[in-house]
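Please keep the structure in view while reading.

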Amino acid sequence: MEAMQPMKEKHRSRERILFEILKASRDPVNKTRIVFGCNLNFQIIEAYLEDLKASGMILEKDRRFQATIKGLEYVSRYRDLELLVIRR
């Protein structure tokens, strides 16, 4: 019998997208780098960046974005949660 493969998600969750944006912006990056690195488009990224700025997880300076300590904490906790789910 063939081993069952875990189902791949068709769409990423909002939490996953936030994780990817914050991970991509550990160092200051421009919006284009985030868009291509996270496989998003410019229209979609705007709402996510606004939410991240409003929650204090990302800063924008001179059209470059960088995750804050709070944002990096999100990245760390998201990774921890993934490990818990994978270890079931």
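Isoleucine 58 is located in strand β2, which covers residues 58-61. The model is a predicted one. Isoleucine 58 counts as buried because its relative accessibility is 1%, and the limit for buried residues is under 20%. When neighbours within four places in sequence are set aside, the contacts of isoleucine 58 are Ile21, Leu22, Ser25, Leu49, Leu52, Lys53, Phe65, Gln66, Ala67 and Thr68. A distance of 8.2 Å separates the C-alpha atom of isoleucine 58 from that of lysine 70, a residue 12 places away along the chain.

The strand that holds isoleucine 58 belongs to an open sheet of three strands, ordered β1-β3-β2 with antiparallel pairing. The edges of this sheet are β1 (29-30) and β2, each of which pairs on one side only. Between β2 and strand β3, the latter made of residues 64-67, there are four bridges in the antiparallel sense. Two of the residue pairings may be followed in detail: leucine 59 has glutamine 66 of β3 as its bridge partner, while glutamate 60 is partnered by phenylalanine 65 of β3. The hairpin of β2 and β3 has two residues between the strands, and within this hairpin aspartate 62 adopts a positive phi near 55 degrees.

Helix α3, formed by residues 42-54, lies across β2 and β3 and runs at about 105 degrees to β2.

Glutamate 20 is placed in helix α1, which spans residues 14-24. Is glutamate 20 buried or exposed? Its relative accessibility is 16%, and therefore glutamate 20 counts as buried. Apart from neighbours within four places in sequence, glutamate 20 makes contact with Arg12 and Cys38. Valine 85, in turn, is part of helix α4, residues 69-86. Because its relative accessible area is 48%, valine 85 is classed as partly exposed. Together with Leu81 and Leu84, Val85 forms a nonpolar patch on the surface, and the accessible area of these residues together is about 300 Å².

The chain as a whole may now be considered. It contains four helices and three strands, which follow one another from the N terminus in the order α-β-α-α-β-β-α. Of its 88 residues, 28% count as buried. Contacts between residues at least 6 apart in sequence include a 57% share that joins residues at least 24 apart. The accessible surface of the chain amounts to about 7100 Å², with 54% of this area belonging to carbon and sulfur atoms.

Definitions and conventions: Residues numbered from 1 in each chain as written. Predicted model: local features only at pLDDT ≥ 70, side-chain atom pairs only at ≥ 80, totals over all residues. Heavy atoms only, no water. Buried < 20%, exposed > 50% of the residue type's maximum accessible area, 1.4 Å probe, protein only. Contact = heavy atoms within 4.5 Å. Pairing = 2+ DSSP bridges. Axes fitted to C-alpha atoms, helices over the stretch in contact; angles between N-to-C directions. Areas by Shrake-Rupley, 256 points an atom, 1.4 Å probe, with all protein chains shown as cover. Patch = residues over 30% accessible without salt bridge, like charges linked within 9 Å, V, L, I, M, F, W, Y side chains within 5 Å. Salt bridge = Lys/Arg side-chain N within 4 Å of Asp/Glu carboxyl O.
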